[in-house]
Amino acid sequence: MSNILLIMSGSIACEKAAKLISAWHDRGDKVRLILTSSAQNFIADDALELALEKTYTNTFAAGEEMAHIDLGHWADQIVVAPATANLINKLAAGIADDMASTTLLAAYGLNKPVFIAPAMNTRMLEHPATQSSLYKLHGWGYKVLPTGVGALACGELGQGRLAEPGEIMAWIDADLSMPGKGRLLITIGGTREAIDSVRYIGNSSSGATGSKLADYFSQAGYAVTAVCAKHGNKPQLANCLEYLSFEDLAQLLESQLAENEYTAVIHTAAVSDYSVAKLLDADGEKLGRSGKLSSKDGLQIVLAANPKLLNQLRAWSKNSGVKVVAFKLTDSGNKNAQQAAIMQLLQAEEVDAVVHNDLAEIDEQQHLFHFYYGAESENYSGAMQLAAGLEEWLEERK
C-alpha cells in the first residue's frame with residue numbers, strides 16, 4: 001500500500017487519468033488529488049470522492065496553507081497525469097504560482113519519485129521549449145513516461161496522447177520495483193544552540209566527513225537523504241534538509257524516519273549535549289532571550305541536557321530493521337577510556353556499529369577512522385576508505 005499524490009493539469013485526458021484513482025484505490029493505495037484551475041474545467045472532483053482521501057485546488061484554502069509542503073512528505077510517490085506543456089514548462093523554469101507547481105517544487109529534495117505523464121498536441125510536445133524542459137526534468141531526476149500515438153483530441157493523428165492508465169501503472173510499478181542498493185539517512189555537521197540573537201553554543205564539526213559519505217553513497221547507487229547543518233560543508237550529489245539546533249535536527253529525524261523506509265541511518269552529526277535553559281544576569285535575575293545581549297553586563301548561562309538522539313532513531317523508524325551507525329569522537333590519550341566509550345555505544349540495543357575517531361588522529365595530513373561492529377573492527381585512513389568499508393558492511397547485512 002502506498003500514498004500516491006496525483007496531480008492533474010488541464011487536458012481532456014483528465015477523464016482517462018481519473019481511471020488511475022479507482023485502480024489504485026481498489027488495490028489499497030491511498031490517493032490524494034491536486035487539480036489545477038484548468039483541470040477543473042475537464043473533471044469534477046466530487047465525481048472522484050469515493051476513491052480519494054482529499055482533493056486540493058487552492059494554495060490558500062483555509063486551514064490548508066501548508067498543504068503544498070505537507071503533501072510532499074505524505075506521498076510515497078507523485079504522479080503528474082495528465083502533464084500539460086504549460087505545467088511541464090513551468091516546473092522546468094521553477095515557477096510556483098498555484099497548488100500544483102508549488103507542491104512539486106516543495107517536494108524536490110525529499111527523494112520521492114515523481115512521474116511525469118505528458119499529454120498534448122504533437123506540435124506542442126515537439127516544441128523546443130517542451131523538449132528542453134522534459135530533458136531538464138529528466139536530468140533533475142524526474143521520471144518522464146512515454147506518450148502514446150494515435151488520434152488526438154484536436155482530430156489530428158500523432159504523438160502526444162496520454163498513455164493508457166494500465167500502461168502508466170505498469171511503468172510506475174516496474175520502476176519502483178527495480179532493485180536498489182538501499183535508502184540512507186545521513187546526518188551532517190554540528191548543532192548550534194542559541195544564547196541570544198547572534199551568539200550560540202556550537203562545536204567545531206565542519207560536516208566534511210558526512211558530506212563525503214553522502215556523495216560516495218549517492219554515486220554508488222543509494223537513495224540518500226542528507227540532513228545538513230545550515231553552516232559548513234554540504235554534499236554535492238545528495239539534496240539536503242537543513243537544521244540549526246538540536247530541536248530542529250530531532251524534528252527532522254523523527255519525521256523522516258516515520259514517513260520513509262530507510263535501510264540505515266549514518267549519524268555523523270555532532271549533536272550538542274546541552275541546550276540553553278535560561279540566562280541570568282550577574283545578580284541572578286532572569287534575562288530575556290530576544291535580541292542581542294549587552295556585552296557590558298555579567299551573564300550566567302544555565303544549561304539543560306538534551307536527550308540522546310541515538311536512543312530514539314529505531315523507535316521513530318518506519319523500518320524496524322533499520323541499521324544505525326553511530327559516530328564517536330574522543331579527546332583522550334587514554335586508550336582504555338576510548339575503548340570504554342566505544343563499547344558503551346556498541347552494546348546499546350539502538351546501535352549496530354560505531355565509527356570512532358580521536359582528536360589526536362585528526363589533522364591536515366590524516367583523518368583516521370576505527371569502525372567497530374560486533375566483535376570485529378576495521379581501521380580506515382580517510383573518509384573515502386571509510387565509505388567503502390561502510391558500503392561493504394551494509395551489503396553484507398541485506
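Which residues of α6 are buried?

Reply: The buried residues of α6 are Thr130, Ser133, Leu134 and Leu137. Around the axis they span an arc of only 100 degrees, so they sit on the same side of α6; the arc is taken from the directions that run from the helix axis to the C-beta atoms. Buried here means under 20% relative accessible area, exposed means over 50%, and partly exposed is in between, with a 1.4 Å probe and protein chains only. The face of α6 turned away from the buried side holds the exposed residues Pro128, Tyr135 and Gly139. An α-helix has 3.6 residues a turn, so residues three or four places apart point the same way.

The model is predicted: local features need pLDDT of at least 70 and side-chain atom pairs pLDDT 80 or more, while totals for chains, interfaces and linings use all residues. Residues are numbered from 1 along each chain as its sequence is written, and side-chain values use heavy atoms, leaving out hydrogens and water.

Helix α6 covers residues 128-139, and its twelve residues should span 16 Å at 1.5 Å a residue; the end C-alpha atoms are 16 Å apart, which agrees. The expected span is 1.5 Å times one less than the number of residues. Helices (H or I, at least four residues) and strands (E, at least two) are DSSP runs, numbered from the N terminus.

As for the setting, the protein chain has twelve helices and 21 strands. Of its 398 residues, 47% count as buried, and its C-alpha atoms fill a box of roughly 80 × 55 × 40 Å along the principal axes.

The whole structure contains 14 salt bridges, each a side-chain nitrogen of Lys or Arg within 4 Å of a carboxyl oxygen of Asp or Glu. One of them pairs Asp173 with Arg27, whose closest N and O atoms are 2.9 Å apart. Asp173 belongs to helix α7 (residues 165-176) and Arg27 to the loop between α1 (14-26) and β2 (30-35), so this pair ties together parts 146 residues apart in sequence. Asp173 is partly exposed at 29% relative accessible area, and Arg27 is partly exposed at 40%.

Another salt bridge joins Arg32 and Glu53 at 2.8 Å, N to O. Arg32 lies in strand β2 and Glu53 in the loop between β2 and β3 (54-56), so the parts tied together are 21 residues apart in sequence. Arg32 is buried, at 19% relative accessible area, whereas Glu53 is partly exposed at 38%.

Lys234 and Glu242 also form a salt bridge, with closest N and O atoms 3.6 Å apart. Salt bridges with shared partners link Lys16, Arg161 and Glu164 into one network.

There is one disulfide, defined as a pair of cysteine sulfur atoms within 2.5 Å. This disulfide joins Cys228 to Cys240, S to S 2.4 Å. Cys228 is in strand β12 (residues 223-229) and Cys240 in strand β13 (residues 240-243), so the pair ties together parts twelve residues apart in sequence. The torsion about the S-S bond of Cys228 and Cys240 is about -60 degrees, so the disulfide is left-handed. Cys228 is buried, with a relative accessible area of 0%, while Cys240 is partly exposed at 26%.
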